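Good morning, and thank you for coming. Please look at the model on the screen while I go through a few of its features.

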Amino acid sequence: MIQSLKKNVAIEKEYDTIIIGSGMGGLATAAILAKNGQKVIVLERHYTFGGYTHVFKRRGYEWDVGIHYIGDMQRPKSAMKLLFDYVTGSQVQWADMGTVYDKICIGDKEYEFVKGVKNFKKHLKLQFPGEEKAIDRYVSRVFRATKASQSYYAAKVVPGWMLYLFGAFMRQPLLKISNKTTYEVLRELTSNEELIKVLSGQYGDYGLPPKRSSFYMHATVARHYFGGGSFPVGGSAVIAESSAALIARNRGTCLTNAEVEEIVVENNTATGVKMTDGTFIKASNVVSSAGIFTTYNKLLSNKVQQEHNLQAQLSRVNRSVSHVALYIGLKGSPTELNLPKTNLWIYPAEGDHDTCVSEFQNDISKDFPVVYISFPAAKDPSWEVRYPGKSTIDIITLMPYEACKKWEGTAWMKRGEDYETFKEEIAKRLLEVLYKKLPQAKDAIDCYELSSPLSTAHFMNYQEGEIYGIDHDPSRFRQKFLKPKTPIKNLYLTGQDIVTAGVGGALFSGALTASAMLKKNVLKKILK
């Protein structure tokens, strides 16, 4: 199913489609194309497969790198559930996280996000008496925003003549919403800054605080979790494994240790890829799931970049935030340690989100603007069978790339003593945040490891360790070039850059890209 190029795997002379990168966007595109009769090959530069769906193992523990919870998976006929089932062959089971999926902690105060729209509103109204109308209007705005996206995304894949005639009309409903920041919309609804801080308490899921993020991006995340959170049984690796198995059953190939050096373009047509070992693989189509910055800057020749003025496109978007993640292994089962399934979003008592982010970016010795704590071992019902007597915790916070820039160019795991000291200082600060919420964890910790923006750059091939590709500010949604089809014939893009942040956005990008390539509405077929 998933093979390594180092083991002399036979590569065929030609494929229908080459997919560069095995993240969720690449896997979804490959699975859909394979199920529609194409012979595909997925090329992953690293020894691990799956992008942000992969896991890593150390000292007898296992950590999920990118998936901490997925929304809308408990409704059998939700678009998210049906699409995941389609690209994994319905081989992934999803465990419900329970009634409270997120807890927003502001100083000593705690606010719960409760599963179900009615419950969500009812619980918030109890916490914010007098804001009942604002909360009702907020939920209505969220639904209105996500509904407006349907024609917007359709415009990314319709034929050129249709886009010319109807493109502006199709995009306009969403742009009216996406052009406003999250804070602008929330401030129209309420003057209660505490309520605004709580409602935007999931901003870490897309990386931008409310005065900088597009309200559409915020609404997408909020709507996604109204039905609660779910976690893949067996850990997130089962997603990549199931998709790879499906691709293999449909004549496809999935390779690790297979790094692409260049997308080969002849007469403005992508004809295949050149590997770092010099091997040329021919294909009728090439799809890059490596992100638009990496694709245009690293995988296309200077000549091709200049011919299409691709740098001008890149100048109109910004890289998203970078982060650090602390992976903790503990002695004792989730039950023994009384670990919750609920995610914790922890914020300073004073200051709005934007102020806290700005102060930290200028001086990382300031309080962390956000600390997200996830308990994957507690969320996965198979964990205690697979890893008896053990638990894991993930802690994530924002971290400017500049904080690690001086170690740029050093080798992974060999960056020097001062780098390790830097990481240890950050890790200890994050542990102190954990102990305040879960003091029982302190004596149970067996090991921990911190990944930095340099780790993300190394494993995900994002040059500055950006976690969400490009920023989800209002201007991002106005960029018409963020679509599957590129100016180069037979070269396509997939992944979160052409939809929205996260694994869910990348999953839907696979359907969009496959639709553009197959010239039919794949998503409509899947949802039926």
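This is a predicted model: local features need pLDDT of at least 70, side-chain atom pairs count only at pLDDT 80 or more; totals for chains, interfaces and linings use all residues.

The buried residues of helix 17 are Tyr419, Phe422, Lys423, Ile426, Ala427, Leu430, Leu431, Val433, Leu434 and Tyr435. As a reminder, an α-helix has 3.6 residues a turn, so residues three or four places apart point the same way. Helix 17 itself runs over residues 417-437, which makes 21 residues. From its first C-alpha to its last it reaches 31 Å, close to the 30 Å expected at 1.5 Å a residue.

Helix 18 leads me to the aromatic residues. The structure holds 24 aromatic pairs. One of them joins Trp412 and Phe459 in an edge-to-face arrangement, with 5.0 Å centre to centre and 85° between the planes. Trp412 belongs to the loop between strand 18 and helix 17, and Phe459 belongs to helix 18, so this pair ties together parts that lie 47 residues apart in sequence. Trp412 is partly exposed, at a relative accessible area of 26%, whereas Phe459 counts as buried, at 17%.

Elsewhere, Tyr69, Tyr101, Phe113, Phe120, Phe143, Tyr225, Phe226, Trp345 and Tyr372 make up one aromatic cluster. Aromatic rings also meet charged side chains. Lys35 lies over the face of Tyr86, 3.7 Å from the ring centre. Likewise, the charged end of Arg476 sits over the ring of Phe477, at 5.5 Å from its centre.

Let me turn to the nonpolar interior. In soluble globular proteins, nonpolar side chains tend to be buried together. Here the largest nonpolar core has 137 residues, and those with the most contacts inside it are Met24, Leu43, Phe84 and Val273. A second, separate core of 36 residues includes Ile328, Leu339, Trp407 and Tyr419. Tyr419 is also among the buried residues of helix 17.

Which residues does Met24 contact, leaving aside its neighbours within four places in sequence? They are Gly50, Thr53, Phe84, Val87, Ile239, Val503, Ala506 and Leu507.

Next, the cysteines. How many disulfides does a search of the whole structure find? The search returns 0. Cys105 is in no disulfide, and the nearest cysteine sulfur, which belongs to Cys356, is 15 Å away. Cys105 is buried, with a relative accessible area of 0%. Cys404 is buried as well, with a value of 0%.

I shall end with the backbone. Most residues other than glycine have a negative phi, and most peptide bonds are trans. Arg251 is not a glycine, yet its phi is positive, at about 70°. Arg251 is found in the loop between helix 9 (237-249) and strand 11 (253-256), and at 49% relative accessibility this residue counts as partly exposed. Asn268 also has a positive phi, near 60°. Its place is in the loop between strand 12 (260-266) and strand 13 (269-275). Asn268 counts as partly exposed too, at 31% relative accessibility.

Thank you for your attention.

Key. Residues are numbered from 1 along each chain as its sequence is written. Side-chain values use heavy atoms; hydrogens and water are left out. Helices (H or I, at least four residues) and strands (E, at least two) are DSSP runs, numbered from the N terminus. The expected span of a helix is 1.5 Å times one less than its number of residues. Buried means under 20% relative accessible area, exposed over 50%, partly exposed in between (1.4 Å probe, protein chains only). Rings of Phe, Tyr and Trp (its six-membered ring) pair if their centres lie within 6.5 Å; planes under 30 degrees apart count as stacked, over 60 as edge-to-face and the rest as tilted. A charge sits over a ring if NZ of Lys or CZ of Arg is within 6 Å of the ring centre and within 35 degrees of the ring normal. A disulfide is a pair of cysteine sulfur atoms within 2.5 Å. A nonpolar core is a set of buried Ala, Val, Leu, Ile, Met, Phe, Trp, Tyr and Cys residues joined through side-chain atoms within 4.5 Å. Contact means heavy atoms within 4.5 Å.
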